[in-house]
Amino acid sequence: MKPSTPPTSPVPASPPLLESDVLRTFVVIAETGSFTRAAERIFRTTSAVSMQIKRLEETLGQPLFLRQARAVSLTPAGETLLGYARRLLKLNQEAVGHFIAPRLSGRVRFGTPGDIGAQILPELLAAFARSHPAIEVDVQVGPSLEMLHRIDTGELDLCLISVGSAGEDDPRGETIHSEPLVWAGRSGGLAVERNPLPLALASQTCCWRRQALDALDRAGLTYRIAYSSEQYAGQEAAMVADLAIAPFPLSLVRPPLARLDHGLPSLGYHQVKLVRGEGRSEPAEALAEQVIAAFERWRRDRGMSHDGYPPARIQAPESAAWR
């Protein structure tokens, strides 16, 4: 008689793995609101994209998108997955970068105006240090004209500049961000009712300043420059105190400030260009890609792509002024 064999416990089934390629497709659809636009961005056919999402929904046992006539939107399950997908893709990028990026080493001299740098620098530098630990980044802050001068003299490898839709444009650079320039002031404040209009402006070379004054002159409105500041924080302080109004990129208008109408003239757009120096080193190109990605994340986190803002990398107007 054979000894009885003790029963074995069943091996638990492993949970399905989520493929990075499929998650990337899912995120692009969520950001563009369209299977067709997502397919164009990732260079696949619309049917291939649809099949990827169908398999993903079958794997998770949940519908991820609500299909509508002209757009798609996320279901509650899709909203939950979006957060996980972005974190997984970011972690995957960091893991690959940890092993590949150390091959790149050296130094990148990077310049930016203070108002632009305040928006993206902390996250940008932290992410770049994780993905390219062997590259040293030397950051210089100053007005756009100064940044361009330093590019010309070889003191910088890469810089950001602020441009607007007035004045003269330098043909160099790639437009990586664009949004409306608007009139802003204290919500419910009285500064906008005063005559002449009290303005809080930056330096003579500031494109926001030029756009505002040109627009007021064309409209025949009287004004006085009540406050001047090299940094947008100074303009913001004057507006919060209800001492003046100012031209501001729409994304910087936060409570207690508000966008003003009151019959004020349109100001056009505020744009950011990325300008590369003559010697394009691999470390500088690596940082340039991270800068572009940082602006894309910044817009996405603020819902800008869904609220009527122009997309990144659009064609700049035929004329622009430097800030």
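In this predicted model, the side chains of Glu57 and Arg67 meet in a salt bridge, with 3.1 Å from N to O. Glu57 sits in helix α3 and Arg67 in strand β1 (residues 65-67), so the bridge ties together parts that are 10 residues apart in sequence.

Helix α2 (residues 35-42) packs against helix α3 (residues 46-60) at an angle of about 105°, and their axes are 8 Å apart. Angles of 65 to 115 degrees count as roughly perpendicular, and α2 and α3 are therefore roughly perpendicular to each other. On the α2 side, the contact is made by Phe35, Thr36, Ala39 and Ile42; on the α3 side, Thr46, Val49, Ser50 and Ile53 take part.

Helix α1 meets α3 as well. The axes of α1 and α3 come within 10 Å and cross at roughly 110°, which makes α1 roughly perpendicular to α3. Here Asp21, Val22, Thr25, Phe26 and Ile29 of α1 touch Val49, Gln52, Ile53 and Leu56 of α3.

Arg86 forms a salt bridge with Glu31, and the closest N and O atoms are 3.6 Å apart. This pair links distant parts of the chain, with Arg86 in helix α4 and Glu31 in helix α1 (residues 20-32), 55 residues apart. Arg86 has a relative accessibility of 26%, so it counts as partly exposed; Glu31, at 18%, counts as buried.

Another salt bridge to find joins Arg109 and Asp157, whose closest N and O atoms are 2.9 Å apart. Arg109 lies in strand β3 (residues 106-112), and Asp157 lies in the loop between α6 (144-152) and β5 (158-164), so that distant parts of the chain, 48 residues apart, are linked. Arg109 is partly exposed because its relative accessible area is 21%, whereas Asp157 is buried at 13%. Salt bridges can also share partners, and in this way Glu31, Arg41 and Arg86 are joined into one network. In total, the structure holds 11 salt bridges.

Helix α4 has something else to show you. Tyr84 lies in this helix, which covers residues 76-100. With a relative accessibility of 48%, Tyr84 counts as partly exposed. Together with Leu18, Leu60 and Leu88, Tyr84 forms a nonpolar patch on the surface, and the four have about 340 Å² of accessible area together.

Finally, step back to view the whole chain. The chain has 9 helices and 12 strands, and 46% of its 323 residues count as buried. Among contacts with a separation of 6 or more, 77% come from residues 24 or more positions apart. The chain exposes about 17,000 Å², of which carbon and sulfur atoms supply 53%.

Technical notes: Residues are numbered from 1 along each chain as its sequence is written. This is a predicted model: local features need pLDDT of at least 70, side-chain atom pairs count only at pLDDT 80 or more; totals for chains, interfaces and linings use all residues. Side-chain values use heavy atoms; hydrogens and water are left out. Patches are made of residues with over 30% relative accessible area and no salt bridge: like charges are joined within 9 Å, nonpolar side chains (Val, Leu, Ile, Met, Phe, Trp, Tyr) within 5 Å. Accessible areas come from the Shrake-Rupley method with a 1.4 Å probe; for residues, only the protein chains shown count as cover. Helices (H or I, at least four residues) and strands (E, at least two) are DSSP runs, numbered from the N terminus. Buried means under 20% relative accessible area, exposed over 50%, partly exposed in between (1.4 Å probe, protein chains only). Axes are lines fitted to C-alpha atoms, for helices over the stretch in contact, and angles run from 0 to 180 degrees between N-to-C directions. Angles under 35 degrees count as roughly parallel, over 145 as roughly antiparallel, 65 to 115 as roughly perpendicular and the rest as oblique. Contact means heavy atoms within 4.5 Å.
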